[in-house]
Number of protein chains: 2
Amino acid sequence: MNGAESLVRTMTAAGVDVCFANPGTTEMHLVQALDSVGGVRAVLGLFEGVCSGAADGYARMAGRPAMTLLHLGPGLANGLANLHNAHRARTPVFSVVGDHATWHRGRDAPLETDIESFARPVSKWVHTSTSAQDVAGDTAKAIGAALSAPGGVATLIVPADCAWGDAEGPARPIPGAPPAAVLDDAVEAAARALAGERPAALLLGATALTEVGLRAAGRIAAATGCLLYAETFPARVERGGGLPTPQRLPYFPEEATAALAQASRLVLAGAVEPVAFFGYPGLPSELAPPGMPVETLADPAHDAADALERLADRLGAGADPAPGPPAPSLPPDGPITPTTLSQVIAAGQPEDAIVVDEGLTVSAFYVAASGGAARHTYMALTGGAIGQGPPSATGAAIACPDRPVINLQADGSGMYTAQALWTQARERLDVTTLVCSNRVYGILLEELARAGVQRPGPQSTGTTSLGDPALDWVALATGMGVPASRATTTQELARELDRALAEPGPHVVEMML
Amino acid sequence: MNGAESLVRTMTAAGVDVCFANPGTTEMHLVQALDSVGGVRAVLGLFEGVCSGAADGYARMAGRPAMTLLHLGPGLANGLANLHNAHRARTPVFSVVGDHATWHRGRDAPLETDIESFARPVSKWVHTSTSAQDVAGDTAKAIGAALSAPGGVATLIVPADCAWGDAEGPARPIPGAPPAAVLDDAVEAAARALAGERPAALLLGATALTEVGLRAAGRIAAATGCLLYAETFPARVERGGGLPTPQRLPYFPEEATAALAQASRLVLAGAVEPVAFFGYPGLPSELAPPGMPVETLADPAHDAADALERLADRLGAGADPAPGPPAPSLPPDGPITPTTLSQVIAAGQPEDAIVVDEGLTVSAFYVAASGGAARHTYMALTGGAIGQGPPSATGAAIACPDRPVINLQADGSGMYTAQALWTQARERLDVTTLVCSNRVYGILLEELARAGVQRPGPQSTGTTSLGDPALDWVALATGMGVPASRATTTQELARELDRALAEPGPHVVEMML
């Protein structure tokens, strides 16, 4: 058994059986080990950002890590943006990066670089194996680290001779540390904070956004009158089908602060103290109004759902009475706008869908429209590194082959990792990609307007407009083997969405805004 | 004047007037400064790897850096692979990365990350501005560092408040340190090494591959009988039109060692001691046969062309007598193979073309076929980070609007940064992309065969085959606004190449191997 085989045997024993790969020469022994050991599904991405984003989407749904297999420093570099998103989502990922043979390093061959320097900012654990005998143990440690609460990216760098050299055998898996239970004192303090005369705000994140956490939060809101908010970009939240519907904390800081200012104090459940996405002149980083008391019931490493249940019981809250928002209905036929497309999707999405939302300027409209939709799982762009949607949808579909996946996708962001469409075609995944074709980086135009620039100059326009030439998403998708169509009215969109969902395999619908 | 304007004024005073950009919120003041100051051409890339690769291709041709403008850590991450290639090519690049406002850092906002850790492995100079007053001086230092021999990537990280805050004014440009002249002793030693009884090998790199350097090398070869080799992946080399044609040092180590073993000793001119691209079991890292004496005339930081001229004079060499290889001719009509497509391109490429070669397994065939082609400039994939071709061709076309650019492009690599086609369409660039559509990662199949795997298993096949579904490059190019056609025979290829070169603007020809 060589080091590569010891890695694959250790990994399968730990329950990791999917590998999103774009290997090169230094990883060929690892690829061969996938063949000789068996038990792992290798999925090729035509760009490493597809692999890392797919691993993120996969683990958000499967609850266990996938392996990514990337080629030295540049291969890892191409995967970093979506590893950043995974890091921010606290998603467990077993990131394996090949390297030159130990004796070939230091010769300054063209692909030599400092892989650890690339990996560190996105990883909770980084290690370079030093011998083939160590690879199995390193693999067990990496997977254990990735799984330990809160989850994260564990990067194992495997020099080629550590893959091809002789190893003793696989290592025993190391289980991840589960999320810690919160102390009774924290429950007590949160109960006091929520019992004040004016209503408090309860901000939910991480495991507070599971079904258990949401139902407990609904009971708490009913009992105390507190306002329920969800973090703006949750890794995963259960929604629809009558579940309590926390409001999304607004994206822009002044709106978020105004929302929180409706409450007397802030209680955090699975969320950290909220900060602005960006700093703006004259606005503070903190979103809670100055002086607002903040109480932490559970941070993201805690079992926030359990904490909320205990809190609800402590408050003597009854069963969750919330009927949830009304079911969405189709808008009358008309032009496609952020509002109407959100209504069409919310009305048309089937039971048990997974919605991967990289709609950016459209996202707030969709979230507002879909609280009463059929029960679904929603995943957001956690780290602001665009190009997360199509890869993450790919991974989610591999994790959940029986659930339809809908990727609400901004066009500018979609161009970052459109190669994921090819993997969806190759793997025959039930992913429907709905492209918001507005042909601008809309968020940047909003930012310019916020900065007082109402008529952007030619360079500002040139770097925010995607209209010349217009991207043709039907041609792009077709070129990667994905059937595609275009919708210019809400009726056409409803029809194309139904058709895409009814047919097996991936589809793209370009929504002309 | 704010910090952003002081940056743009300093940069234009230093002669940097092209910016390859994909900005975000933290870079909006820099984009506005491009409008308010003027004098800079901003070119949008729909993915950061397009921007960094274009800056590499631009500076290889223009001899002065472009600015890249990228969005925080994830934006830089997406550009790293082509910055790695630029770093390996010793290309000057002024890489500007926006960051959160200084007072917003440390709050763990979603996009916060360790940007310097990403930048360091690909940069010769990295700095984060600490105030708006410092930005102009930091800009001058960065551009001076990028230009100093040997060139490289200088990364300046500009926090948003350093862009929007008040600055005093631009800074005086700092010129780059020119390449050092080699000492007379080195010329003397090289002359002795070349004067031995058995012929020596002269390995050319960097400025030895300019017209001046090549003509001097040709004189030296005629006078001494030495063998002329060029490094395998040169940043830039002048070729054709009767210029001396050094042989390309072969890619695989055993072939490179066999080539060098024909000589008695090795003299380096603008090249470093050659090492294997990858380490293989049982093969050494060094390509020179064990015990072969190695003499350095000039390393890449030296003025190697000048050194070669002085060496030729010292050897009393006459004028370069080499007539060069014969002009290539079209093959008879037949199937498209690596050999025949290379013959068609070599015969059809016009005078003064720029050939950007990311043909990978096809490259050796093209280089062998084109030594006698019309005079052209050739640029290779220097760092092994695939996805260099279309972006680099884009940048070269912006640097040299009067010269046709031909991008010989492997299909697997082309999928990494195909977004560059859109920029070519938007900027109406005369780039002809010739895609080698073989629908495999051919180099990996070669590597598997070298490792003794003649019949790869399903996982090995699955991660090296691009055939299911087949990529349709005509549809992909059309989707990004680039006219495209397909060639299945050499006659069709010759016709489509001629047509693409005759029409203004970008074209794609998918060559069906």
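Copies of a chain are superposed here by least squares on the C-alpha atoms of residues with pLDDT of at least 70 in both, where pLDDT is the predictor's confidence in each residue, from 0 to 100. This is a predicted model, in which local features need pLDDT of at least 70, side-chain atom pairs count only at pLDDT 80 or more, and totals for chains, interfaces and linings use all residues. Residues are numbered from 1 along each chain as its sequence is written, and side-chain values use heavy atoms, with hydrogens and water left out.

Chain B can be laid on chain A with an RMSD of 0.0 Å, by a turn of 180 degrees and a shift of 0.0 Å along the axis. The two copies are thus related as by a two-fold rotation axis. The mean pLDDT of chain A is 97, and 100% of its residues reach 70 or more, while the model scores ipTM 0.98 and pTM 0.98.

In helix α10 of chain A, a DSSP run (H or I, at least four residues), the residues Pro253(A), Ala256(A), Ala259(A) and Leu260(A) are buried, that is, under 20% relative accessible area with a 1.4 Å probe, protein chains only. Seen down the axis of α10(A), these buried residues fall within an arc of 125 degrees, so they line one face of the helix.

A search of the whole structure finds 0 disulfides over all chains, a disulfide being a pair of cysteine sulfur atoms within 2.5 Å.

| Cysteine | Relative accessible area | Closest cysteine sulfur |
|---|---|---|
| Cys51(A) | 1% | Cys19(A), 7.9 Å |
| Cys400(B) | 13% | Cys19(B), 19 Å |

Methods
Chains lettered and ligands numbered in written order. Buried < 20%, exposed > 50% of the residue type's maximum accessible area, 1.4 Å probe, protein only. Helix = DSSP H or I, 4+ residues; strand = E, 2+ residues; numbered from the N terminus. Arc of directions from axis to C-beta.
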